[in-house]
Amino acid sequence: MTKTKFTREDALQFHLEPTPGKWEVQATVPMTTQRDLSLAYSPGVAVPCEDIAANPELAYDYTNKGNLVAVISNGTAVLGLGNLGALGGKPVMEGKSVLFKRFADVNSIDIELDTEDPEEFINAVRLMGPTFGGVNLEDIKAPECFIIEQTLKEQMDIPVFHDDQHGTAVICAAGLINALHISGKKIEDCKIVLNGAGAAGIACIELLKRMGARHENCIVADTKGVIYQGRTEGMNQWKSAHAVATELRTLEEAMKGADVFLGVSAKGAVTQQMVLDMADNPVIFAMANPDPEITPEEAHEVREDAIVATGRSDYPNQVNNVLGFPYLFRGALDIHARAINDEMKIACAEALARLAREDVPDEVGMAYGKKLSFGRDYIIPTPFDPRLIYVIPPAVAQAGMDTGAARRPIIDMDAYELTLKSRMDPTASILRSLNARARAAQGTVIFAEGDDSRVLRAAVQYQRAGMGKAIVVGREADVKTKLTAEGLGDAVSELEVVNAANTAYLDEYKEFLYERLQRKGFDRHDIHRLAARDRHVFSALMLAHGHGDALVTGATRKSAHVLDLMNHVFDVDAEHGAVGVTAVLHKGRIVLIADTLVHEWPDEEDLANIAERSADVARHLGLEPRVAFVSFSTFGYPRSERAEKMHLAPNVLDQRGVDFEYEGEMTVDVALNTQAQAGYSFQRLSGPANILVVPARHSSSISVKLMQEMADATVIGPILSGVDKSIQICSSNSTVNDILNMAVLAACKVG
């Protein structure tokens with residue numbers, strides 16, 4: 001296991017640059033005119049003020065209350081560092097606010113209260129209640145944290161959630177659901193030992209009891225040993241609630257025959273002998289930070305059957321609160337909840353557990369540098385799983401509605417899930433439309449490269465998502481081996497696997513290919529080799545003969561090479577009007593760039609063709625085309641022979657009488673910026689261009705890759721347009737998700 005390494009200087013620089021701290025406030029309304037000022041402040045602001053005073057519920061409509069959480073601490077228990085005070089804990093609270101925004105698009109403000117008096121703390125938070133939709137308490141020492149949270153829950157009508165308690169408990173519960181699923185045990189039968197009776201430990205055991213664990217089966221221990229009925233030393237009311245009638249006095253004694261160990265205590269608290277003493281398939285959640293009670297290596301050295309989780313990111317099965325609190329609050333805020341109750345927490349845990357059992361997207365594995373699939377080393381989803389935002393909040397919201405915690409129930413949960421997808425991913429609305437069309441089309445998509453596990457997983461997902469039928473070109477044994485290795489052995493029987501050896505159409509395919517290529521230097525032997533041995537050509541022949549509706553290829557070979565192979569069967573070249581269009585999505589904007597695949601150095605006629613094909617793609621994606629022919633010059637200045645064709649291309653479209661907006665030549669800033677466009681009153685675009693036709697393939701490639709690398713833009717394509725059949729060519733570094741997106745484009749016959 002490799003640890004993330006950084007120096008003190010790295011950490012300080014991170015907090016210093018580009019500006020001190022980790023977040024800033026941005027306005028969501030314009031503030032450029034006197035009218036804007038009048039509406040935002042006096043006198044216009046009086047109107048919503050009066051309405052809210054008459055009906056407080058309207059605060060959720062006219063203010064940011066409904067998406068604003070306070071992260072509040074007094075710094076008495078900062079991380080594992082102890083009592084650093086209110087100001088010393090501020091970087092942690094800022095970090096928590098950043099996590100809320102990054103993972104669930106929840107706006108958050110950190111508030112540090114300079115008091116250790118619970119009454120003062122409670123009063124301060126209660127008085128701030130009107131500002132927020134929820135309160136996240138953080139880094140407050142026990143037992144004061146119990147008093148503070150319970151009192152605020154009783155006094156406030158918005159969710160109050162102490163994450164150190166319940167966040168840990170929810171993720172712990174999610175992991176335990178799956179650990180017991182793997183080990184074939186039921187929670188009500190398990191002997192559970194908890195070491196550490198602070199805020200997190202007490203919350204964990206309470207939640208597990210709500211989920212079915214039996215009180216008499218749960219042994220809680222602290223630094224003074226087992227908490228038994230009659231013990232007086234080091235006790236408080238929260239510990240007493242979990243005291244049991246037992247002769248056990250030490251952690252060592254309690255661990256004998258235990259099914260589950262939960263540790264929220266200290267490094268080294270668990271020995272290898274204790275692990276040996278546990279029952280079969282022991283579950284060990286060693287959650288002490290920064291160092292666990294026992295490391296996974298130490299546990300597995302003596303018990304291969306142990307399922308181990310820790311609080312650390314450099315070990316498998318990290319119990320990470322960021323999997324819980326952003327999505328709990330997202331779901332709670334969206335129903336204008338009065339509280340986050342146990343049912344909502346359990347719904348969160350169960351949804352997390354279900355998600356871990358599903359196929360893991362490639363993007364997640366790439367983020368962690370390894371392949372992830374459900375099993376002993378993957379019982380909890382990872383924080384960067386893109387599905388969390390639209391899987392967890394609906395489950396939380398539904399539980400809140402079912403238990404009467406919602407002020408404003410969600411009527412259409414499907415629509416809610418779609419808004420969550422769109423909230424975090426600018427591509428989502430476009431992909432949503434394409435997915436709906438693909439489901440309606442029910443197309444049969446040929447996946448050419450059945451020798452690649454990414455392609456196979458995309459094929460399985462395409463079919464299981466109800467898009468249509470997936471046909472994989474490959475060898476049956478190879479497909480079975482690769483899918484089984486990916487943890488998808490049950491999907492083998494679902495896919496149709498086709499190859500030259502098992503098709504009845506090979507002779508027909510070869511005859512067709514010979515007719516096309518006999519005057520291009522290909523003899524019968526060449527034709528057999530191409531048709532029978534090259535999967536790209538074989539797949540294209542299937543498509544040409546109507547044995548599939550669309551084709552996806554290119555994940556294993558360079559796109560230029562795949563394009564040459566496609567040309568054996570179809571006219572996929574510049575001469576016949578083929579064009580590659582790439583969609584670039586960034587900060588909610590989409591721009592199509594063309595040609596990114598076919599034309600090396602197009603002339604003005606080619607550029608006009610590229611514009612027409614790009615307009616077709618734009619309309620397929622739900623956009624009204626606005627084409628800009630871009631160069632380093634704008635409307636003739638500076639003059640250059642290299643820019644002349646970009647100047648002439650709009651004239652070609654004039655002669656053709658096309659039905660979309662176009663203009664040029666112009667620089668990219670004029671094309672995309674309405675203020676820059678205003679300097680040219682004669683120009684014909686009604687708004688920012690959404691299609692950029694570039695001078696050559698090298699400039700398109702540079703533009704797309706620069707946006708991808710520097711701005712972290714989402715790139716879809718190149719989308720192949722202008723070919724008789726629906727063919728999409730992936731890039732060789734495509735993820736499963738990329739391949740699936742291209743299959744959806746192909747099924748929708750985009751381009």
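Colleague: Which strand is Glu 665 found in?

Modeller: Quick background: this is a predicted model, where local features need pLDDT of at least 70, side-chain atom pairs count only at pLDDT 80 or more, and totals for chains, interfaces and linings use all residues. Residues are numbered from 1 along each chain as its sequence is written, and side-chain values use heavy atoms, with hydrogens and water left out. Helices (H or I, at least four residues) and strands (E, at least two) are DSSP runs, numbered from the N terminus. On that count, Glu 665 belongs to residues 661-666, strand S18.

Colleague: What is omega for the cis peptide bond that joins Ala 142 and Pro 143?

Modeller: Most peptide bonds are trans. Pro 143 sits in the loop between strand S3 (134-137) and helix H8 (144-155). Its bond with Ala 142 is cis, and omega is about 5°.

Colleague: Is His 336 buried or exposed?

Modeller: His 336 is in the loop between helix H15 (325-334) and helix H16 (342-356), and it has a positive phi of about 50° without being a glycine. Buried means under 20% relative accessible area, exposed over 50%, partly exposed in between (1.4 Å probe, protein chains only). His 336 has a relative accessible area of 9%, so it is buried.

Colleague: How many disulfides does a search of the whole structure find?

Modeller: A disulfide here is a pair of cysteine sulfur atoms within 2.5 Å. For Cys 190, the nearest cysteine sulfur is that of Cys 218, 9.4 Å away, and Cys 190 is in no disulfide. Across the whole structure, the number of disulfides found is zero.
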